[in-house]
Amino acid sequence: QVQLVESGGGLVQPGGSLRLSCDASGSTASINAMGWYRQAPGKQRELVAVITNGGRTNYADSVKGRFTISRDNAKNTVYLQMISLKPEDTGVYYCNAKIFRDSVKFDNYWGQGTQVTVSS
């Protein structure tokens, strides 16, 4: 089992910046990848960024060049640095951890979410 706790959300003006943090606890040594997803009102949850144990990263096209995902393995924490924020970045941001059972199956763990609102 893995527990995830997000922090760092809030209200920011367009063009502003925020940094989200996600603290993991429990079976953290088993985690293969961590990432951030977001869900806007009336829309499906979508992948924002992911980072593997090896440090490989992947981003949604809509955030490339503006968002940076990183992790501190010693602290079991993953970060999402967001700059040049746009109103369309508004949503609830969820931290995610994946533990692979085999090459296909994996267990998903989710945090409770943190609200990001980009508005003037």
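Strands are taken as DSSP runs of at least two residues in state E, and helices as H or I runs of at least four residues. On this basis the predicted model has 0 helices and 11 strands. From the N terminus on, the order of elements is β-β-β-β-β-β-β-β-β-β-β. The radius of gyration of the chain is 14 Å, close to the 14 Å given by the globule rule for 120 residues, so the chain is as compact as a globular protein of that length. Along the principal axes, the C-alpha atoms fill a box of roughly 45 × 30 × 25 Å.

Of the 120 residues, 41% count as buried. The accessible surface comes to about 6500 Å². Carbon and sulfur atoms account for 47% of that surface. Among contacts between residues at least 6 apart in sequence, 53% join residues at least 24 apart. The chain carries 13 positive and 9 negative charges.

A search of the whole structure finds 1 disulfide. The bond joins Cys22 and Cys95, with the sulfur atoms 2.1 Å apart. This pair links distant parts of the chain, 73 residues apart. Cys22 sits in strand S3 (residues 18-26), and Cys95 in strand S9 (residues 91-100). The link of Cys22 and Cys95 is left-handed, with -85° about the S-S bond. Buried means under 20% relative accessible area. Cys22 has a relative accessible area of 0%, so Cys22 is buried. Cys95 is buried as well, with a relative accessible area of 0%.

Methods
Residues are numbered from 1 along each chain as its sequence is written. This is a predicted model: local features need pLDDT of at least 70, side-chain atom pairs count only at pLDDT 80 or more; totals for chains, interfaces and linings use all residues. Side-chain values use heavy atoms; hydrogens and water are left out. The radius of gyration is taken over C-alpha atoms; the globule rule is 2.2 Å times the number of residues to the power 0.38. Buried means under 20% relative accessible area, exposed over 50%, partly exposed in between (1.4 Å probe, protein chains only). Contact means heavy atoms within 4.5 Å. Accessible areas come from the Shrake-Rupley method with a 1.4 Å probe; for residues, only the protein chains shown count as cover. Lys and Arg count as positive and Asp and Glu as negative; His and the chain ends are not counted. The place of a charge is taken as NZ of Lys, CZ of Arg, CG of Asp or CD of Glu. A disulfide is a pair of cysteine sulfur atoms within 2.5 Å.
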